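This report goes through a structure by topic. Please keep the sequence and the 3D view at hand while reading.

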Amino acid sequence: MEFGPHLVLATLEGAVTAAVLALTAVGLSLVFGVMRVVNVAHGEFFMLGAVLAWWVTSLIGGPPALGFAAALVVAPLLVGLLAAAADMTVLKRIDYDPERTIVATIGLLYILQQVTLMTYGADARPVEPPFNTRLAIPWVTFAEGRPQLIWPWGLGTTSYKLAVIGAAAAVLAGVWLVMTRSRIGLLMRATQLDRDMALAFGIPVERIYALVFGLGAALAALAAVLIVPISQAHYLMGGDPLLLSFIVVIIGGLGSLPGTLVAAILIGLSDGIISVFFSPTLAKILATLLVALVLVFRPQGLFGLRAA
Amino acid sequence: MLRLEGIGAGYGAAQVLRDLTLKVRPGEILCLAGRNGAGKTTTMKAIMGLVPLSAGRITLDGVAISELPAHRVPKAGIGYVPQGRRLFGELTVAQNLEIGLMARGSPLAVLDAALDLFPRLRERMGQRAQTLSGGEQQMLAMARALCLDPAVLLLDEPTEGLQPTMIEAIRAAIRETRARGAAILLVEQRIDAVLSLADRIALIENGRVLDTLEAEALRRDHRRLERHLGV
């Protein structure tokens with residue numbers, strides 16, 4: 001395949017990665033932004049979403065679309081409730097202390113991972129996509145000075161991958177609308193800006209925290225449900241999304257939702273393109289190098305505010 | 001009536017308030033006067049539930065608000081204007097006021113009454129709070145607290161760092177709020193503000209109230225107040 005079609009293919013793969021990464025990282029960023037909690041267990045909520053998607057689709061059976069639609073609702077809901085319960089029983093008890101919450105979420109990470117291993121097992125299991133039509137992509141070449149439409153072999157994508165990009169964009173738009181246009185979003189932002197003043201104006205901060213922790217985890221789980229028909233559900237699959245989410249959140253600026261989105265697109269697309277042209281390992285090395293550069297030259301991230 | 005009965009409070013091992021007792025009646029301004037570090041701001045925070053009590057209790061019209069979680073205290077009818085304003089800076093003026101209204105589910109008439117005191121804010125509703133001038137920010141902090149239609153208003157150095165015209169506007173709003181029947185607990189360092197606004201003055205030192213005096217007496221002998229404030 002020539003360079004041009006190859007680049008289009010790589011960009012499409014990168015767009016899928018970026019879409020899923022943006023959902024996952026926005027969840028992490030939301031939790032850090034509002035609660036100042038570095039949630040090391042975020043990748044395990046992602047993994048649980050994928051495992052629950054397998055469980056729901058296996059349980060329901062029938063047409064793949066039916067089970068998948070149920071998984072899209074059930075998995076984020078259950079994971080969100082579990083995270084909210086973890087917030088109320090663990091994080092609240094340690095008063096959301098920044099250092100202790102890191103240790104607590106590391107503990108949560110291992111508990112979720114090992115319980116999944118004991119119950120779900122060590123096998124990677126597939127989830128059938130609800131639809132998966134192959135879509136060929138045309139390319140224009142110039143033969144004897146005239147444009148000619150061709151269909152290069154291998155240049156194509158699937159309807160499901162395009163749907164993943166569309167669904168992620170729709171959910172992210174929904175999160176943005178909730179944060180900027182709704183009353184609950186206003187309360188979340190006020191809590192993020194000044195916890196004590198939020199309390200002094202009657203905002204039930206602990207309930208907001210439980211909601212945000214649950215919402216952050218539910219977004220990770222939703223991202224996993226979307227990607228599991230492409231990847232597979234496995235009990236160790238939370239590591240990469242956690243690492244990439246941290247990379248995105250640091251580059252974008254801790255707690256900045258627009259920054260997280262821009263960084264997710266940057267990292268996702270570059271990950272897809274570099275993986276196709278070179279290797280996935282090189283893509284991770286470059287992303288980590290970028291984080292190091294950001295931490296040295298712009299520690300607050302691209303869109304973050306410098307601490308006073 | 002707001003009553004503080006023998007309260008103790010502090011930050012970790014550092015005890016700031018020790019057996020502090022005072023009361024503020026509806027329709028009066030009680031000024032807390034004392035040197036830096038005497039415990040004035042901590043008293044305000046203790047009333048709001050932002051600093052835990054180690055002793056004593058706080059009641060509002062007989063209801064023990066010190067036993068409520070912090071977010072229930074404003075719902076009981078206490079508005080707070082903290083030192084340094086502490087607005088939600090990235091939110092607009094309208095959103096800051098909306099949060100004040102939501103705290104007790106106040107009707108829009110309460111917002112109108114607050115904005116009548118600070119008409120300049122009506123022109124700034126869509127502007128981010130952090131972009132306002134210092135005086136406008138203080139007006140917004142007052143208006144946000146007044147949106148609770150509070151029975152008690154806590155004001156921590158409301159005229160600090162403001163230019164004279166702004167100071168007068170804030171003082172006029174404080175007097176108007178008193179006239180509406182609210183009890184006002186005021187922390188002030190400026191002697192002219194203390195003497196011109198207060199009905200009574202509680203002299204506070206090392207976390208205790210040394211004495212509570214009628215402002216009229218101190219107006220006749222303000223050297224006592226100067227000595228106490230260390231100016």
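Is Glu5(B) buried, partly exposed or exposed? Glu5(B) has a relative accessible area of 33%, so the residue counts as partly exposed. The model is a predicted one.

## Glu5(B) and its partner

Glu5(B) makes a salt bridge with Arg57(B), and the closest N and O atoms of the two are 3.6 Å apart. Because Glu5(B) belongs to strand 1 of chain B and Arg57(B) to strand 4 (residues 53–60) of chain B, the pair ties together parts that are 52 residues apart in sequence. Arg57(B) has a relative accessible area of 36% and is likewise partly exposed.

## The four-stranded sheet of chain B

Four strands of chain B form an open sheet in the order 2-1-4-5, with antiparallel pairing. The edges are taken by strand 2 (14–24) and strand 5 (63–64) of chain B. Each of these two has a single partner strand, so one side of each is left without a neighbour in the sheet. In general, strands of a sheet pair through backbone hydrogen bonds, in either a parallel or an antiparallel sense.

Strand 1 (residues 2–11) of chain B pairs with strand 2 of chain B in the antiparallel sense, over seven bridges. For Tyr11(B), the bridge partner in strand 2 of chain B is Ala14(B).

## Other salt bridges

Over all chains, the structure holds 16 salt bridges. One of the salt bridges joins Arg25(B) to Glu28(B), with 3.6 Å between the closest N and O atoms.

In Asp199(B) and Arg178(B), another bridged pair, the closest N and O atoms are 3.0 Å apart. Asp199(B) lies in the loop between helix 6 (191–197) and strand 9 (200–205) of chain B, while Arg178(B) lies in helix 5 (residues 164–179) of chain B, so this pair ties together parts that are 21 residues apart in sequence. Asp199(B) is partly exposed, with a relative accessible area of 28%. Arg178(B), at 19% relative accessibility, counts as buried, because the class covers values under 20%. Elsewhere in chain B, salt bridges link Arg120(B), Glu123(B), Arg124(B) and Glu136(B) in a network.

Glu214(B) is part of strand 10 (residues 208–214) of chain B. At 48% relative accessibility, the residue counts as partly exposed, because exposed requires over 50%.

Which residues does Glu214(B) contact, leaving aside its neighbours within four places in sequence? They are Asp199(B) and Arg200(B). Asp199(B) is the residue that also forms the salt bridge with Arg178(B). Along the chain, Arg200(B) is 14 residues from Glu214(B), and their C-alpha atoms are separated by 4.5 Å.

## Surroundings of Thr159(B)

Thr159(B) sits in the loop between strand 7 (152–156) and helix 5 of chain B. Its relative accessible area is 1%, so Thr159(B) is buried. The side chain of Thr159(B) is joined to that of Glu188(B) by a polar contact of 2.7 Å.

Beyond its neighbours within four places in sequence, Thr159(B) is in contact with Ile167(B), Ile170(B), Glu188(B) and Arg190(B).

## The interface between chains A and B

How many residues does each chain give to the contact? Chain A gives 19 residues and chain B gives 22 residues. About 1,800 Å² is buried between chain A and chain B, and carbon and sulfur atoms give 71% of that area. On the chain A side, Leu186(A), Met197(A) and Phe201(A) lose the most area to chain B, and together they make up 37% of what that side buries.

The two chains share one salt bridge. It is formed by the side chains of Arg86(B) and Asp194(A), at 2.9 Å from N to O. Two residue pairs are in polar contact across the interface of chain A and chain B. On the side of chain A that touches chain B, the elements giving two or more residues are helix 6 (183–193) and helix 7 (195–200) of chain A. Helix 6 of chain A gives the most, with six residues. By class, this side of chain A has twelve nonpolar, two polar and five charged residues.

Note on methods: Residues numbered from 1 in each chain as written. Chains lettered and ligands numbered in written order. Predicted model: local features only at pLDDT ≥ 70, side-chain atom pairs only at ≥ 80, totals over all residues. Heavy atoms only, no water. Contact = heavy atoms within 4.5 Å. Buried area = accessible area lost by both parts, 1.4 Å probe. Salt bridge = Lys/Arg side-chain N within 4 Å of Asp/Glu carboxyl O. Polar contact = N/O pair within 3.5 Å; in protein donor to acceptor, adjacent residues only side chain to side chain. Nonpolar A, V, L, I, M, F, W, Y, C, P; charged D, E, K, R; others polar. Buried < 20%, exposed > 50% of the residue type's maximum accessible area, 1.4 Å probe, protein only. Pairing = 2+ DSSP bridges.
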